[in-house]
Amino acid sequence: MLQSSSPLCRLPAELFENIVLELISHDPTSSTSTIVPLLQTCQHINAILAFPKNSHLYSRIFRSRFDSAASARRLGARTHHSRHLAHQLAWYSSAIKCIRRANIYDQGVLDAFWASFALLSENDGKNRRHLEEAGLADFVDEFVRKRLYEDNISTNGWPNESPINCLALWLLWFTSTEERLKAETPARRNELIRLVLPFVIVPFRYPSAYTPHNHFIMPLTSNSDGHLRQSILPAHGAFPLYRSGTAHTTHFYDRVDLEIGIPLASTAAKLIFFSRRQVTPIGIPIHLPLTRQHAIQLGFGDQIGPTQEDVHELNQHRVVKHVPATAWDDDDAAVASPSSQLDDDWYRLTDCIYPMEKSSLKNTHYTYGSATGLWQGRILVPTDNAFATILQNVQMPEDFTEQQLFLNAAPLFMRLREYHCIDPQDPVPTGGANDGFNDGISNAWIPDGVKIHEDIQEGKLMFQHHGRVHRYEAYRPGFSNSHDEATCRGCQFRGTCDIIYREHDDQFLAERSPQEEPVVDDDAQFLEDASDRFDAVIDDVFRQKDDEAMDEDTDTTASDVDDEDDDEYWVERKCNGVLDIALVGETDFNHGQAWNHYKFYGRVREWDGLVALVRIPSHPHLAAQGLGNWIFSGYIVGGTQFRRHLAVPRRRRPWPPNTRILIRDDTPRRSPLIITHPHPYATLLLFTFSTLYRHVHQL
């Protein structure tokens with residue numbers, strides 16, 4: 001230790017750390033460079049406070065400046081060890097410094113975008129405040145306007161779905177606020193709409209799912225020979241689009257080489273598109289009846305068509321709501337953190353990278369009950385000729401605009417209910433050709449000819465197929481289902497209803513050879529088999545001590561004892577017996593009188609939480625009017641509490657179109673949801689997209 005005659009240098013190291021924290025807390029959004037003068041005071045103080053020598057101090061700075069709840073929740077308590085938080089502080093601070101330089105051509109922009117995306121995915125209030133103070137909103141806005149179409153000669157004028165473009169679009173959405181959109185001039189607003197339009201409506205270039213929705217049985221090695229079959233669109237290449245291995249490897253907290261999937265550009269583009277289109281309300285034709293009662297008085301009571309009141313309802317509910325900037329009180333355990341609403345989305349990015357591999361067993365990709373409720377949206381359909389022109393031409397048209405696509409708009413409403421198949425019941429099989437490629441997306445992964453019977457009062461749903469009845473029961477939040485440990489095949493196989501998923505279960509499962517062991521009939525039993533197989537080593541893992549971690553301070557408090565058992569990240573759950581998720585619903589009567597009556601049915605893909613729905617006219621005479629059948633598929637993005645986004649493509653016979661749907665949740669919270677997804681077949685003639693809102697029952 002360096003010696004010094006100054007009385008200041010004889011102070012305890014803890015006091016110097018507290019002085020640094022006071023400097024930092026004086027202006028929480030200031031740069032960490034505020035402590036540089038203190039580091040330059042003398043060699044003795046520098047030796048105490050320098051970054052390489054005091055990870056404990058810089059982990060405390062991280063906690064004071066950035067949100068930390070999401071990392072522990074998603075990756076385990078080990079992420080909060082001092083050196084891991086210190087590393088993350090250095091990465092985040094470097095990114096903020098790059099953004100402050102305001103040079104969109106800086107060589108560090110891509111890394112800064114990754115750090116900013118991680119910060120906003122973990123945001124509980126602090127992270128966003130730092131990025132806003134650094135000027136991220138203006139920075140990424142300028143980037144999109146000036147660099148989104150950079151290096152597009154090799155793609156015939158189409159914008160690249162490069163990692164930096166994908167991140168830029170997501171950051172543009174994250175930083176969009178009502179105030180910023182209102183401040184945009186119509187010219188600048190329309191410029192952004194024009195720039196993102198290809199990502200919104202060209203699914204054969206920009207995928208909207210981590211694996212195409214023609215697949216239900218995942219991973220693909222479970223139902224195919226591992227060969228990804230694709231057709232060739234002469235003008236645009238292979239289709240459907242597989243994103244296998246589309247990921248970024250980085251040092252993230254304690255993970256030295258964590259793989260994070262490249263976020264889907266098409267989903268962010270739709271959020272950007274619809275958030276700006278909703279600034280201008282829908283015009284209300286004055287010739288329409290004022291209300292439904294007025295329509296009855298005029299003699300139109302039995303006719304389907306909107307009233308002015310119906311159009312007012314469309315304008316009242318915004319297509320997109322922006323991410324709230326409010327801070328979260330981490331001392332209030334009764335309130336879920338805002339970042340927890342993005343957990344499913346984060347797990348999709350880290351788990352659903354390779355379609356030939358199982359996604360993580362310990363993480364969820366769809367939250368039960370997410371689809372339940374009333375959904376409202378808007379469909380935008382280009383003309384056949386306009387879209388066929390795009391499909392057949394290699395070069396992106398110079399006049400690629402909404403006007404040239406002749407987009408037509410129509411509202412969409414549906415009220416959905418969620419049903420679960422509980423072990424020992426068997427899920428309805430998939431449809432399609434049973435060839436490892438076509439799992440029946442044209443009927444929402446349900447076999448053709450299946451009879452569906454729903455008993456709403458009893459909370460029962462039955463699929464009748466080839467003489468068998470497949471039974472499902474309604475999902476009711478806060479109530480247990482019919483799962484019984486005594487009859488559940490999984491619980492009997494394990495000998496317990498407790499399931500423990502370890503951090504490295506995926507490595508064990510990757511070593512499991514389908515050729516060497518019998519094929520398991522369903523995923524739930526497979527999970528149970530895996531859990532049972534490695535029960536013997538779980539206890540050993542819990543007893544293991546991380547020698548390296550034992551040598552470092554983990555920033556514990558008197559009431560927060562450092563338990564080394566947490567070094568191995570693991571998740572313990574009770575088996576609930578859920579083997580499959582089905583959805584059914586219809587258009588409410590009042591909405592049907594305005595916009596036509598429909599029925600809906602579908603299911604959820606377990607691998608990544610992809611939702612598929614079929615919409616059919618409720619009455620035969622409506623089908624005769626050319627309304628046709630439509631297919632939706634996509635993700636719920638943003639969780640179930642504040643903002644859901646569902647990526648959904650749609651199809652109308654005889655064409656298999658692609659739809660984009662944005663959905664808003666109309667609860668007292670008034671939360672939104674978005675949907676997007678591309679159609680899997682190469683014979684596409686028409687693609688459509690839509691925006692949906694979601695309304696959930698007030699409890």
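Let's start inside helix 6 (residues 82-101), which is where Gln88 sits. Helices here are DSSP runs of H or I with at least four residues, strands are runs of E with at least two, and both are numbered from the N terminus. Is Gln88 buried or exposed? Its relative accessibility is 0%, so Gln88 counts as buried. "Buried" means under 20% relative accessible area, "exposed" means over 50%, and "partly exposed" is in between, using a 1.4 Å probe and protein chains only.

Which residues does Gln88 touch, if you skip those up to four places away in sequence? They are Phe62, His251, Phe252 and Tyr253. A contact means heavy atoms within 4.5 Å.

## What kind of model this is

This is a predicted model, where local features need pLDDT of at least 70 and side-chain atom pairs count only at pLDDT 80 or more, while totals for chains, interfaces and linings use all residues. Residues are numbered from 1 along each chain as its sequence is written, and side-chain values use heavy atoms, with hydrogens and water left out.

## The whole chain

Zooming out, the protein chain has 25 helices and 20 strands. Of its 699 residues, 56% are buried. Take the contacts between residues at least 6 apart in sequence: 73% of them join residues at least 24 apart.

## Aromatic rings

Two of the residues touching Gln88, Phe252 and Tyr253, are both buried themselves. They also bring us to the rings. A pair of aromatic rings is described by the distance of the centres and the angle of the planes. Rings of Phe, Tyr and Trp (its six-membered ring) pair if their centres lie within 6.5 Å; planes under 30 degrees apart are stacked, over 60 edge-to-face, and the rest tilted.

The whole structure holds 21 aromatic pairs. Why is the pair of Phe252 and Tyr253 called edge-to-face? Their ring centres are 4.9 Å apart and their planes are at 90°, so the pair is edge-to-face. Ring pairs also link Phe62, Phe66, Trp91, Tyr92, Phe252, Tyr253 and Trp346 into a cluster.

## Strand 6 and its partners

Now for strand 6 (residues 408-422), where 12 of the 15 residues are buried. Two strands pair if DSSP finds at least two bridges between them. With strand 5 (residues 373-381), strand 6 makes nine antiparallel bridges, and Gly373 has Leu416 as its bridge partner.

Strand 9 (residues 468-474) pairs with strand 6 in the antiparallel sense over two bridges, and His420 has Glu473 as its partner.

Strand 7 (residues 451-455) and strand 8 (residues 460-465) run antiparallel, joined by five bridges. His453 stands opposite Met462. Four residues lie between the strands of this hairpin, and Gly459 takes a positive phi near 70°.

The loop between strand 6 and strand 7 holds Pro424 and Asn434. The peptide bond joining Asp423 and Pro424 is cis, with omega about 20°. Asn434 has a positive phi near 55° despite being a residue other than glycine. At 71% relative accessibility, Asn434 is exposed.

Ser64 belongs to helix 4 (residues 55-65) and is partly exposed, at 34% relative accessible area. Its side chain reaches the backbone oxygen of Ile61 at 2.8 Å. That is a polar contact: a pair of N or O atoms within 3.5 Å; within protein, one must be able to donate a hydrogen and the other to accept it, and residues adjacent in sequence count only if both atoms are side-chain atoms. Ser64 and Lys126 are 62 residues apart along the chain, with their C-alpha atoms separated by 8.9 Å.

Where is Asn123? Look in the loop between helix 7 (109-121) and helix 8 (126-134). Asn123 is buried, with a relative accessible area of 9%, and its side chain reaches the backbone nitrogen of Arg128 at 3.0 Å.
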